[in-house]
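Hello,

I am passing a structure on to you. Please open it alongside this note.

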Amino acid sequence: MDNKIHSTLLFSLLFFITHLANASSKDQCNQNDKKTLLKIKKSLNNPYHLASWDPKSDCCAWNSLECDDATVNRRVISLTIFSAQISGQIPPEVGDLPYLQKLVFRKITNLTGQIPHTITKLKYLRFLRLSWTNLTGPVPEFLSQLMDLAYLNLSFNYFSGSIPSSLSLLPKLSYVDLSRNKLTGTIPESFGSFSGEVPDLFLSHNQLSGSIPKSLGNLDFNRIDFSRNRFIGDASMLFGANKTTFSIDLSRNMFQFDLSRVEIPKTFGILDLNHNGITGSIPVQWTETPFQIFNVSYNRLCGRIPTGGKLQMFDSYAYFHNKCLCGAPLDSCK
């Protein structure tokens with residue numbers, strides 16, 4: 001009887017050890033990914049921010065990472081390094097994490113250099129955010145090879161040169177933020193024909209110039225911010241009563257067009273046109289729109305501000321410094 005108990009206990013112990021070994025092997029992230037991550041850490045001069053990246057531990061438990069739990073051989077699918085004291089450049093080894101879907105380097109002021117070409121190896125990359133760093137060079141043409149890319153944010157950097165027209169070829173792109181850089185040139189004509197859905201488009205605080213391609217008028221943008229550039233000419237094609245636009249900011253440019261003829265959808269929440277050369281009057285139809293933010297100051301508008309709706313909810317700062325606008329909240333019309 002003792003032998004039987006002994007055998008049963010031994011069997012149970014062996015089963016437990018085997019099960020534990022299997023479980024721990026499942027916990028281990030892919031060894032190729034682990035080697036790559038340790039190279040990335042070394043390339044970034046072993047920063048304190050990545051102190052949890054210990055070769056002796058399971059890399060799926062490391063900070064700034066996410067592994068895919070759905071697979072037996074857990075692959076790294078997300079690398080997010082945020083607000084870190086790190087100096088150096090984006091390690092080219094990031095391209096050696098073949099299952100990466102999300103890559104973020106954000107609020108790292110000592111991150112310099114250009115976007116490495118090796119990023120084109122990331123065939124599953126959907127989310128790319130390299131913002132609030134000191135990256136330089138062009139916005140690379142090779143980003144158009146990332147066919148799964150849906151979100152692109154390169155804001156608050158020092159990128160220069162022109163916007164690559166090939167970004168419009170990305171079939172899943174739904175968000176583009178290139179604001180607060182040193183970009184020059186015009187908006188590419190190709191941005192009037194994105195191959196997938198129409199993305200939110202943020203290009204503010206650059207040195208972009210020229211007129212807006214007419215082809216952009218064919219698209220139903222949800223959010224546009226072209227503020228604080230050097231754009232000229234007509235931007236009225238961005239509007240339309242049948243569109244579903246929520247927000248347009250064209251402030252602090254040199255646009256010139258007649259506002260009287262501009263129709264806007266009832267979905268509008270934000271409209272900022274301040275500091276341009278826009279003429280005409282504010283259409284009565286605009287009283288039907290539930291504005292949350294509204295500013296047409298510093299233009300060359302005339303006529304009575306239509307009463308009703310939300311237009312009187314904004315103070316005189318939203319209207320002042322125009323040629324001859326009148327009516328509440330400004331002085332009454334003579």
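Below is what was found in it.

This is a predicted model, in which local features need pLDDT of at least 70, side-chain atom pairs count only at pLDDT 80 or more, and totals for chains, interfaces and linings use all residues. Residues are numbered from 1 along each chain as its sequence is written, and side-chain values use heavy atoms, with hydrogens and water left out.

Strands first. Strands here are DSSP runs of E, at least two residues, numbered from the N terminus. Two of them pair if DSSP finds at least two bridges between them. Strand β2 (residues 76-82) runs parallel to strand β4 (residues 102-108), with five bridges joining them. Valine 104 in β4 stands opposite threonine 80. β4 also pairs with strand β6 (residues 127-133), again in the parallel sense, over six bridges. There, the bridge partner of valine 104 is arginine 129 in β6.

Now the backbone. Lysine 107 lies in strand β4. Its phi is positive, near 55°, and it is a residue other than glycine.

Serine 83 sits in the loop between β2 and β3 (88-89). Serine 83 is not a glycine either, yet has a positive phi of about 50°. With 41% relative accessibility, serine 83 counts as partly exposed.

Proline 329 is in the segment after β20 (324-326).

Best wishes

Notes. Helix = DSSP H or I, 4+ residues; strand = E, 2+ residues; numbered from the N terminus. Buried < 20%, exposed > 50% of the residue type's maximum accessible area, 1.4 Å probe, protein only.
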